[in-house]
Amino acid sequence: MREADGPVQVRAVGERLGLDASVRGKLEPLRAKMTKLADRGWLHKRPDGRFTARAQA
């Protein structure tokens with residue numbers, strides 16, 4: 001997340017991690033993990049569904 005220039009989609013994160021991004025079902029567990037991280041304050045989930053890293057304190 002911190003390497004990205006701006007907000008990223010789950011698909012881009014999955015591709016970077018080596019997941020098969022062509023199959024939507026392969027990305028759903030990653031989407032759930034990223035949403036949990038956003039709920040806990042580690043990431044920020046934007047209304048358009050993309051994610052950004054929270055600013056470091």
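**The largest nonpolar core**

Tutor: This is a predicted model. Its largest nonpolar core is made of ten residues: V8, V10, V13, A21, L27, L30, M34, A38, L43 and F51. Helices α1 and α2 each supply at least two residues of this core, and the largest share, four residues, comes from α2. As a general rule, nonpolar side chains in soluble globular proteins tend to be buried together.

Take α1 next, which spans residues 10–17. Its buried residues are V10, V13 and G14. They lie on the same side of α1, because they cover an arc of only 100 degrees around the axis. The buried residues of α1 pack against α2 (24–39) and β2 (51–53). Just after α1 comes G18, with a positive phi of about 90 degrees.

A38 is another member of the core. Apart from neighbours within four places in sequence, A38 is in contact with L43, K45 and F51. Of these, L43 and F51 also belong to the core.

Finally, there is the largest pocket, with a volume of about 250 Å³. Among the residues that line this pocket are V8, V13, L30, M34 and L43, which are also listed in the core. R16 and K33 are in the lining as well. By type, the lining divides into nine nonpolar, no polar and three charged residues. Here too the largest share, four residues, comes from α2.

Terms used. Residues are numbered from 1 along each chain as its sequence is written. This is a predicted model: local features need pLDDT of at least 70, side-chain atom pairs count only at pLDDT 80 or more; totals for chains, interfaces and linings use all residues. Side-chain values use heavy atoms; hydrogens and water are left out. Buried means under 20% relative accessible area, exposed over 50%, partly exposed in between (1.4 Å probe, protein chains only). The arc is that of the directions from the helix axis to the C-beta atoms. Contact means heavy atoms within 4.5 Å. A nonpolar core is a set of buried Ala, Val, Leu, Ile, Met, Phe, Trp, Tyr and Cys residues joined through side-chain atoms within 4.5 Å. On a 1 Å grid over the protein atoms alone, a cavity is a set of points where a 1.4 Å probe fits but cannot get out, and a pocket is an open set with protein on both sides within 12 Å along at least five of seven lines; lining residues have an atom within 4 Å of a point. Grid points are joined across faces, edges and corners, and a volume is the space filled by probe spheres set on the points. Ala, Val, Leu, Ile, Met, Phe, Trp, Tyr, Cys and Pro count as nonpolar, Asp, Glu, Lys and Arg as charged, and the others, Gly among them, as polar.
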